[in-house]
Amino acid sequence: MTRVATMQVLRLLLVFLVLGVAFGQPQPAVAEDREALVATLAGGSFAEKERAIQAAAATGDPDFVPVLQAMADNRLFERKSDGRVVVGEPVGRNFRLLDAVTLDELETVAAGALDRVRVNNRVRRALSVAIGSMTLLSPDPAQRIRAAQSVFRSGDPEALPILDQALLDETSDRARTRLEQARAAVILNTDAPDEAKIAAIGVIAARGDREALTLLTGFRNQAEGELLEAAERGVATVERRLKTWEMAQHVTFGLSLGSVLLLAAIGLAITFGVMGVINMAHGEMVMLGAYTTFVVQQAIRTHYPELFDASLFIAIPLAFAVTGAVGIAIERGIIRWLYGRPLETLLATWGLSLVLQQTVRTIFGPTNREVGNPSWMSGSMEIGAISITMNRLWIFFFALAVFALLLLILKRTSFGLEMRAVTQNRQMAGAMGIRTGRVDALTFGLGSGVAGLAGVALSQIDNVSPNLGQSYIIDSFLVVVFGGVGNLWGTLTAAMTLGIVNKFLEPYAGAVLGKIAVLVLVILFIQKRPRGLFPQRGRAVEA
Amino acid sequence: MLLTRYLGEGGWWFLFAIAVIGIAVPYCNLAFQPGDPFYVSGFMVSLIGKFLTYALLAIAIDLIWGYCGILSLGHGAFFALGGYAMGMYLTRQIGDRGVYAHPVLPDFMVFSNWTELPWYWWGFDNFAFAMLMVLLVPGTLAFVFGWLAFRSRVTGVYFSIISQAMTFALMLAFFRNDMGFGGNNGLTDFKDILGFPIQARETRAGLFVASAVALMLGFMIAKAVTGSKLGQVLVAIRDAESRTRFLGYRVEHYKLFVFTLSAMMAGVAGALYVPQVGIINPGEFTPANSIEMVVWVAVGGRGTLVGAVIGAVAVNYGKTWFTTAFPEFWLFALGALFIAVTLFFPKGIVGAWNSYVGWMRAQKPDPLAYKSRDPLTLDSGRRGAPAE
């Protein structure tokens, strides 16, 4: 309520201000009447347009915002038939027109019936400042923050009076901070006294992001004396802050890579870690999971396009079922004949991986397949100076969820108990009535199914091609070996450690050398701890 | 002679066969003209020459896998390193005949604005030095890698996986352009070797003979190693490593010796391979390549040496035939081969032949039959037995 009232007072104030500005100028005065302003916006010279924009901003009339916005977006036209200035809303190839003066809706016409109002870079800059300062007084705090940001970037001294006004009755704390920062940025561009500027530097340094750094560095390069010192201090503060954020960013990237590694390796932690089966076709299980997602999305696209956002929820159980079934078939068909001969298992499953890859290549073609992100997985999130893409964030939580679920199955279900019993002492477990063959098949199916789940997640961030699995198999084995065979917690720790180490090495050594360094480190580490970070102890070890 | 004892009758026959091929193939290529029924085309000469180098590589793998139980999934790396050493020599021989006509720097270095030859290229214009490097570079890498691995008792599949990681890391490294090995294009466009133009029929024949000789030498060395007391210890390590250690043998020393020897043989094979195919690039380091090599040995029959050679030739002949006749199906065939060999023919072609011969003998008792020693008797399916 009070806000609307003050807005009106403000508008009055601004009208006086404009009059002052207008009379103060040597050139012919810009008419303050709306129709004339609009006419100048469309038909004047570039310099006249610029002045008209400033005048329009100074009226504070929110009805100008759509007109200026349209001009900035190249959507302001003159109608060829009668020269009327109109705002065009694109509708397919045509434009729905609004009268620029009254904002009344007119007819929809083709682009050919319109002349675009031309702008140059100076005009465009004036437009963004004008739009920015007009929205500074908007009743919506989010819009006020956006406007303050745009003023912060431009640092245009023209915005100062409006900023001061906006600050006077700002109620939201976040918007107030942003407005103060914008004001500080503007102050640096005026001829305010040094003390005011030093205070402004402090305000900007406290903001501490990359934009603040750019602004302060720019200011430092032209500052002298006390101001220079203050600017340098400010730059140093911001750089320190950014350094901390950069570390945080590496950690988040590392955790994200770690979660991908964890997903790829955790199925292997079951088949290799718990059962001791070297499954070189594990990567292909991941690939099959990704292709299942692709098939599900294709079906949804053609039959139920409105379900697209739910496609992953449909793909997850399907991928688990498909790869789990393939896994059981592999165990019953090949692997069970090779227990106790790990090297032969390795070769046979490698051969199997070639067959699976070639099968997929024959069916789906050798090129990458397009798997889309559902809307809730696109976009990104900002925390301080770091940004996290939503798909990475979801994959992180998905990996943790899968991990927790597996741990639960292993420790809290009777199937998990049987599984551990068979691993530890096959004969004894058999003697107690456990059908060891069935447990073997199910365990392998579980590991493969989890690989399929990883495939669903990886389809969101990686290329879905027949070679998808190949790129993960070596990494996954290293993770399992590094973490210690037969230990899910070890796998978790190893995946996260390798992910973070990799991301910290990358900026110094480059992506490829960083990866090589990690490989060498793991090889060296295995020398020191041949059985991984968390080795199994006891009799089972030598068996 | 000592060697006669180690070679045995089969060994002599094998050497004789290789010698015949080594003489006959280049002779038929040089002495006859195209169209003559005895003529062997230049394509066949380099193809068979390539198979001979693969055969040497297979012997190297069989030596460690068949006799010592070390399954290396990184032998492609030693092969490729030997190849790179040879490739560097051949690249230096191009001299100023490259596209950029720089007297010292290879084309790819001029292209990426290098001003001087990096230190690790020094000396490679000298043939003897390059040949020394063919032995030393893979040998040293194998020695260091093996020393680290065997000393801390990294065995079985763990060793396989980290050796695969090793070749993967090398592949990534050699793909980098600023490593100074030509990046993903590798080294190619060779002109001549020891002053002979590399494309000439006579040079190709010479390289063929050299490959045959190297294969024969490699076979004799492998026979000598496996037939000696050292070889007996290696087999003991393969079958019961802990027990051998408890008997007082320094297991890691034996393993290290045979692993390094094997890597050097692989390096020589690579060095002979490169001039015959005319290119070496980082693709040779791919882990898939190394695993394929292991399958040659598995197909032929491991622990037999001759089997390794037969497997290498058979699989590669199959590959050549498949990739021209049914390119789509080669990977199916290779994959099926992996599975079939491990499931149904764990002893490979030679093993199957030996059991067939043994079975025939058993049908017809022959008082003069000698007892064939089957090196794989201890390796049939054991469930819950000590890990290999």
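In this predicted model, chain A is divided into domain 1, made up of residues 2-77 and 116-212, and domain 2, which covers residues 246-542. The centres of domain 1 of chain A and domain 2 of chain A, taken over C-alpha atoms, are separated by 54 Å.

**Overall form of the two chains**

Chain A contains 21 helices and seven strands. Its radius of gyration is 32 Å, well over the 24 Å that the globule rule gives for 543 residues, so chain A is more spread out than a compact globule. Chain B, for its part, has 14 helices and four strands. The radius of gyration of chain B is 22 Å, close to the 21 Å that the globule rule gives for 388 residues, so chain B is as compact as a globular protein of that length.

| Chain | Span of C-alpha trace | Buried residues |
|---|---|---|
| Chain A | about 100 × 60 × 45 Å | 44% of the 543 residues |
| Chain B | about 70 × 55 × 50 Å | 44% of the 388 residues |

In chain B, among contacts between residues at least 6 apart in sequence, 77% join residues at least 24 apart.

β1(A) and β2(A) form a hairpin with five residues between them, and A:Gly83, which lies in the turn, has a positive phi of about 75 degrees.

β2(A) is also joined by six bridges to strand β3 of chain A (residues 94-99), the two running antiparallel, with A:Pro90 standing opposite A:Phe95 in β3(A). These two strands, β2(A) and β3(A), form a hairpin with two residues between them, where A:Gly92 in the turn has a positive phi of about 60 degrees.

β3(A) pairs in turn with β4(A) in the antiparallel sense, over four bridges, and here A:Asn94 stands opposite A:Ala110 in β4(A). The hairpin formed by β3(A) and β4(A) has five residues between the strands, and A:Leu103 in its turn has a positive phi of about 60 degrees. Of the six residues of strand β4 of chain A (residues 105-110), the number buried is zero, so this strand lies largely in the open.

**Nonpolar cores**

The largest nonpolar core has 195 residues, of which B:Ala58, B:Ile59 and B:Val294 touch the most other members. Helix α2 of chain B (residues 42-68) supplies the largest share of this core, with 17 residues. Leaving aside residues up to four places away in sequence, B:Ile59 touches B:Gly218, B:Phe219, B:Ala222, B:Met265, B:Leu305, B:Ala308 and B:Val309. A second, separate core of 63 residues includes A:Phe95, A:Leu97, A:Val129 and A:Ala205; A:Phe95 is the residue of β3(A) that was described above as standing opposite A:Pro90.

**The contact between the chains**

The contact takes 37 residues from chain A and 44 residues from chain B. On the side of chain A that touches chain B, α14 (342-364), α19 (470-483) and α21 (511-528) of chain A each supply at least two residues, and α14(A) gives the most, with 14 residues. The residues of this side of chain A divide into 27 nonpolar, six polar and four charged.

A:Thr367 is placed in the loop between α14 and β6 (380-383) of chain A. With 11 other C-beta atoms within 10 Å, A:Thr367 is exposed, because a residue counts as exposed when 12 or fewer such atoms lie within that distance. A:Thr367 and A:Ser465 are 98 residues apart along the chain, while their C-alpha atoms are separated by 6.1 Å.

How values were computed: Residues are numbered from 1 along each chain as its sequence is written. Chains are lettered from A and ligands numbered from 1 in the order in which they are written. This is a predicted model: local features need pLDDT of at least 70, side-chain atom pairs count only at pLDDT 80 or more; totals for chains, interfaces and linings use all residues. Two residues are in contact if their C-beta atoms, placed from the backbone, lie within 7 Å. Ala, Val, Leu, Ile, Met, Phe, Trp, Tyr, Cys and Pro count as nonpolar, Asp, Glu, Lys and Arg as charged, and the others, Gly among them, as polar. The radius of gyration is taken over C-alpha atoms; the globule rule is 2.2 Å times the number of residues to the power 0.38. A residue is buried if 20 or more other C-beta atoms lie within 10 Å of its own, exposed if 12 or fewer, and partly exposed in between; C-beta atoms are placed from the backbone. Domain bounds come from an automatic or database domain assignment. A nonpolar core is a set of buried Ala, Val, Leu, Ile, Met, Phe, Trp, Tyr and Cys residues joined through C-beta atoms within 7 Å. Two strands pair if DSSP finds at least two bridges between them.
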